[in-house]
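Here are my notes on the two-chain model, as numbered points. Please read them with the structure open.

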Amino acid sequence: MASLTISGIRKSFGSEEVLKGVSLSVASGEFLVLVGPSGCGKSTLLNLIAGLETISAGEIRIGDRVVNNVRPKDRDIAMVFQSYALYPNMNVRQNLAFGLETRGVPKARIKETIERVANMLQIEELLDRRPRQLSGGQRQRVAMGRALARDPAIFLFDEPLSNLDAKLRVEMRTEIKLLHQRIKTTIVYVTHDQIEALTLADRIAVMNDGIIHQFDTPQQVYDNPANLFVAGFIGSPSMNFIPCRLVEQNGRKGAVLKAGSGKSFFLPVERPGLSLQQWLGREVILGIRPEQIAGGFHEQEGNPQIHEIECPVEVIEPTGPDTLVFVNINGREVTCRVNPKAAKAPGQAMKLMVDMSKALLFDPQSEQRIGA
Amino acid sequence: MPDGGLELKTGRGPGLSFGRILLYVALIAAAAFFLIPFFVMVITSVKSMEDIRTGHLISWPRQFTLEAWIKAWGSACIGVNCVGMKGYFWNSVRMVVPSVILSTLIGAMNGYVFSKWRFPGSETFFSFLLLGCFIPFQVILLPMSLTLGWFKMAQSIQGLILVHTIYGLPFTTLFFRNFYVTIPDEIIRAAKIDGAGFFRILWRVVLPVSAPIFVVSIIWQTTQIWNDFLFGVAFSGSGSQPVTVALNNLVNTSTGVKEYNVDMAAAIIAGLPTLFVYIISGKYFLRGLTAGAVKG
């Protein structure tokens with residue numbers, strides 16, 4: 001178990017800079033998720049931590065040791081790959097043993113370790129099979145077992161669940177979380193799936209274009225995204241972005257929203273500690289998540305943050321527990337998550353309750369959250 | 001294969017359609033076109049000279065005899081030495097076996113480097129190596145004979161081994177490189193993280209999945225080197241001539257009567273090993289050439 005400190009990492013392939021100064025630190029035992037769209041540099045960062053690529057500038061420390069020029073095998077890390085990367089010519093037992101054999105671990109210890117790991121992952125009955133005789137989920141388990149057998153200071157996961165089908169992915173996600181709770185080893189986990197990031201991470205680093213946009217706890221990243229990119233990337237369906245002008249009515253600052261029917265509504269934006277004086281009369285982007293626009297809320301009686309608007313419904317998409325209702329506000333398509341019973345048919349006007357307590361404002365120029 | 005998988009589809013239910021018959025006739029004709037010369041060789045080699053003189057080219061031998069084979073193997077005159085093909089046959093074996101092993105092993109190593117341990121400039125290096133596939137044999141005769149002279153390997157089997165090994169490398173490297181490209185890089189990365197180095201990854205991870213491409217390389221190289229005549233005639237001495245050169249000399253020996261049966265037997269002796277290699281491993285050859293990704 002060890003901490004990981006990354007400072008000012010840069011990496012270029014030829015003339016293309018894929019990492020443009022990345023810094024983060026992970027405490028010992030922490031679960032860090034690097035999340036971002038493909039090509040954002042997250043896998044490159046993981047390969048740099050693993051030592052599979054050399055860094056162009058900056059410093060990586062594992063514990064107190066600078067590992068910039070340490071070879072992968074001497075970094076005390078283990079890695080789980082997206083394609084599992086099991087050795088096709090070896091059976092499961094040999095796959096698990098390989099990393100121990102190369103390190104000269106005595107035979108008896110290897111046997112003991114394999115038994116312990118196989119027991120932990122419930123793969124005992126698979127030990128004599130070849131990788132090609134295993135299902136995707138079983139291969140995934142063996143790949144994790146191979147990493148576990150080594151008992152490294154840091155685990156690196158490179159999109160480990162991307163090749164699994166949806167149901168299995170959710171199961172394995174829970175297993176990885178349980179595993180981390182048991183072994184409490186530092187984990188760096190790369191994914192493009194924001195739900196995986198939110199469910200697994202102690203802290204999330206949201207990356208795009210070679211930089212970290214936000215490095216914080218899942219709840220913070222969700223509730224208080226640093227900028228438009230993070231706000232749009234985290235959460236599904238995505239946060240609604242409604243361009244509007246900040247005005248003052250009856251001493252309250254807020255946004256005027258014009259529904260598709262032509263009706264206008266004033267929605268006050270009031271958050272403790274957020275001063276909007278300098279934004280009065282200027283264009284801003286109102287960010288509001290679909291679940292904050294609903295048919296009604298449990299504790300809505302007398303809540304001054306909840307406001308009613310009325311919009312004609314354009315499209316509905318039932319998802320089961322909720323129905324997504326699409327309406328038009330200020331010329332933008334806005335997604336609302338409503339109770340299936342409350343959803344109106346397309347073309348009908350629908351009363352929607354908007355919970356402004358978690359509404360965010362963004363600067364359209366810098367794309368930063370106002371007050372961040 | 002499931003039951004009935006071998007049943008022929010004839011298009012119109014049971015029985016042979018006209019198109020099918022035409023197809024078989026064409027296939028049989030094509031097969032005959034290639035097999036008849038060989039058939040003539042075989043029957044001529046088991047005839048006596050008397051039989052050949054009086055009979056027809058494709059007539060069945062009146063009396064079956066292995067005399068021509070025994071003579072071709074042990075006592076036919078090759079130039080002025082009447083010692084038969086056997087010494088030359090073993091010369092070829094002594095030349096082919098080490099050349100094939102060396103060129104295949106070095107090719108495997110090269111392919112491994114060019115696919116999994118690329119270094120700055122390795123692609124350029126690889127393209128230059130590939131150029132070797134397209135250099136005609138004749139072009140390198142003179143420079144190579146000078147080189148062999150400097151190495152004091154002229155007119156020796158060792159010299160021929162060196163030439164064939166070098167000349168085979170572009171091909172074997174290409175085979176192995178293209179095969180290893182299909183092994184996912186992630187497996188190599190996993191092995192690196194597991195603590196394995198260059199040779200351990202080659203030995204424990206890469207070579208164990210390489211059987212199909214080894215078969216391809218071995219068949220290709222054996223055929224090429226065994227059948228080679230030009231290098232054999234240019235770089236060998238009297239004691240190191242391979243079987244192809246001996247066959248040429250035997251057939252061209254002008255003293256006495258032309259013994260067609262001995263010539264044919266000698267030609268078949270010279271051709272048998274490559275035929276044998278292909279028959280026992282041809283199945284793997286095709287499989288290796290078309291081998292797809294190594295599935296993890």
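1. Core. The largest nonpolar core has 149 residues, and those touching the most other members are Leu32(A), Val33(A), Leu34(A), Met79(A), Leu156(A), Val188(A) and Val206(A). A nonpolar core here is a set of buried Ala, Val, Leu, Ile, Met, Phe, Trp, Tyr and Cys residues joined through C-beta atoms within 7 Å. Buried means 20 or more other C-beta atoms within 10 Å of the residue's own; exposed means 12 or fewer, partly exposed is in between, and C-beta atoms are placed from the backbone. Helix H7 (residues 157-180) of chain B gives this core the most, eleven residues. Helices (H or I, at least four residues) and strands (E, at least two) are DSSP runs, numbered from the N terminus.

2. Leaving out residues up to four places away in sequence, Leu34(A) touches Lys42(A), Leu45(A), Leu46(A), Val188(A), Val190(A), Ala205(A) and Met207(A). Contact means that the C-beta atoms of two residues, placed from the backbone, lie within 7 Å.

3. Basis and confidence. This is a predicted model: local features need pLDDT of at least 70, side-chain atom pairs count only at pLDDT 80 or more, and totals for chains, interfaces and linings use all residues. Residues are numbered from 1 along each chain as its sequence is written, while chains are lettered from A and ligands numbered from 1 in the order in which they are written. The mean pLDDT (the predictor's confidence in each residue, from 0 to 100) of chain A is 92, and 100% of its residues reach 70 or more. Among the elements of chain A, strand S3 (residues 31-35) has the highest mean, 97. Strand S12 (residues 252-258) of chain A has the lowest, 90.

4. Chain A overall. Chain A has eight helices and 20 strands. Its C-alpha atoms fill a box of roughly 80 × 45 × 35 Å along the principal axes. Of its 372 residues, 39% count as buried. The domain assignment, which is automatic or from a database, gives domain 1 (4-233) and domain 2 (240-362) of chain A. Their C-alpha centres lie 39 Å apart.

5. Backbone details in chain A. Ser236(A) and Pro237(A) are joined by a cis peptide bond, with omega about -5°. Pro237(A) sits in the loop between helix H8 (228-233) and strand S11 (240-249) of chain A. Tyr84(A) has a positive phi, near 70°, without being glycine. Tyr84(A) lies in the loop between strand S6 (77-80) and helix H2 (92-101) of chain A, and counts as buried with 25 C-beta neighbours inside 10 Å. Glu367(A), also not glycine, has phi near 65°. Glu367(A) follows strand S20 (360-362) of chain A and is partly exposed, with 16 C-beta neighbours inside 10 Å.

6. Chain B fold. Chain B has 13 helices and zero strands. Why call it spread out? Its radius of gyration is 24 Å, well over the 19 Å that the globule rule gives for 296 residues, so chain B is more spread out than a compact globule. The radius is taken over C-alpha atoms, and the rule is 2.2 Å times the number of residues to the power 0.38. The C-alpha box of chain B is roughly 75 × 70 × 30 Å along the principal axes. Buried residues make up 35% of chain B.

7. Chain B domains. Chain B is divided into domain 1 (18-65) and domain 2 (86-289). The C-alpha centres of these two domains lie 33 Å apart. Each domain gives seven residues to the contact between them. On the domain 1 side, helix H1 (18-45) and helix H2 (49-54) of chain B each give two or more residues. H1(B) has the largest share of that side, four residues.

8. Chain interface. The contact takes 17 residues from chain B and 21 from chain A. On the chain B side, helix H8 (185-193) and helix H9 (198-206) of chain B each give two or more. H8(B) gives the most, six residues. By class, the chain B side has nine nonpolar, two polar and six charged residues. Ala, Val, Leu, Ile, Met, Phe, Trp, Tyr, Cys and Pro count as nonpolar, Asp, Glu, Lys and Arg as charged, and the others, Gly among them, as polar.
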